[in-house]
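Take a look at the model below. Then follow the report from the overall form down to single residues.

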Amino acid sequence: MTYIVASILGLGSLALLFLAIGHLLVALVLIIPTWRICTRAGFSGALSLFHLIPVIGWLIVMGILAFSTWPNGEASPGRR
């Protein structure tokens with residue numbers, strides 16, 4: 001019985017480790033383009049580091065970009 005509980009706890013720990021590594025990899029992939037978007041919009045590129053916060057980090061970044069006034073202003077339709 002003890003071996004069963006130990007193996008279940010071991011699998012849970014392994015699953016959490018894979019989840020943490022997966023989150024870190026996705027966050028690192030998102031940081032580079034978000035850094036460029038933030039600097040072009042006039043914000044500090046360090047704002048993209050919020051992606052490292054699990055679960056709500058991307059919501060914070062997108063909320064700031066969507067609902068705040070951009071220091072560099074909005075892009076005009078003809079400008080890319």
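What share of the contacts in the protein with a separation of 6 or more comes from residues 24 or more positions apart? The share is 44%. Contact here means heavy atoms within 4.5 Å.

## About the model

This is a predicted model, in which local features need pLDDT of at least 70, side-chain atom pairs count only at pLDDT 80 or more, and totals for chains, interfaces and linings use all residues. Residues are numbered from 1 along each chain as its sequence is written, and side-chain values use heavy atoms, with hydrogens and water left out.

## Overall form

The protein has two helices and zero strands. Its radius of gyration is 19 Å, well over the 12 Å that the globule rule gives for 80 residues, so the protein is more spread out than a compact globule. That radius is taken over C-alpha atoms, and the globule rule is 2.2 Å times the number of residues to the power 0.38. The C-alpha trace spans about 70 × 20 × 20 Å along its principal axes.

Helices (H or I, at least four residues) and strands (E, at least two) are DSSP runs, numbered from the N terminus. Helix H1 covers 2-41 and helix H2 covers 57-67, with a loop between them.

## Surface and burial

The accessible surface of the protein is about 6300 Å². Carbon and sulfur atoms hold 76% of that surface. Accessible areas come from the Shrake-Rupley method with a 1.4 Å probe; for residues, only the protein chains shown count as cover.

Of the 80 residues, 16% are buried. Buried means under 20% relative accessible area, exposed means over 50%, and partly exposed lies in between (1.4 Å probe, protein chains only).

## The nonpolar core

Which residues form the largest nonpolar core? Its six residues are Cys-38, Ala-41, Phe-43, Leu-47, Val-61 and Leu-65. H1 and H2 are the elements that give two or more residues to this core. A nonpolar core is a set of buried Ala, Val, Leu, Ile, Met, Phe, Trp, Tyr and Cys residues joined through side-chain atoms within 4.5 Å.

Take Cys-38 as an example. Leaving out residues up to four places away in sequence, Cys-38 touches Phe-43, Ser-44, Gly-45, Leu-47 and Leu-65.

Gly-57, Val-61 and Leu-65 are buried in H2. They cover an arc of only 55° around the axis, which puts them on the same side of H2. The arc is that of the directions from the helix axis to the C-beta atoms. These buried residues pack against H1. The face of H2 turned away from the buried side carries the exposed residues Ala-66 and Phe-67.

## Buried residues in the loop

Is His-51 buried or exposed? His-51 is buried, with a relative accessible area of 5%. This residue sits in the loop between H1 and H2. Beyond four places in sequence, His-51 touches His-23, Ala-27, Leu-30, Ile-31, Thr-34, Gly-57, Trp-58 and Val-61.

Ser-48 is buried, at 0% relative accessibility. Not counting residues up to four places away, Ser-48 touches Ile-31, Thr-34 and Trp-35.

## Other loop residues

Leu-52 also lies in the loop between H1 and H2. At 37% relative accessibility, Leu-52 is partly exposed. Apart from neighbours within four places in sequence, Leu-52 is in contact with His-23, Leu-24, Ala-27 and Ile-31. Leu-52 and Leu-25 are 27 residues apart along the chain, and their C-alpha atoms are separated by 9.7 Å.

Val-55 belongs to the loop between H1 and H2. Val-55 is exposed, at 68% relative accessibility. Its phi is near 70°, a positive value in a residue other than glycine.

## Distances from H1

Arg-36 is in helix H1. At 47% relative accessibility, Arg-36 is partly exposed. Arg-36 and Ser-48 are 12 residues apart in sequence and 8.9 Å apart in space, C-alpha to C-alpha.

Ile-37 lies in helix H1. With a relative accessible area of 46%, Ile-37 is partly exposed. Ile-37 and Gly-22 are 15 residues apart along the chain, with 23 Å between their C-alpha atoms.
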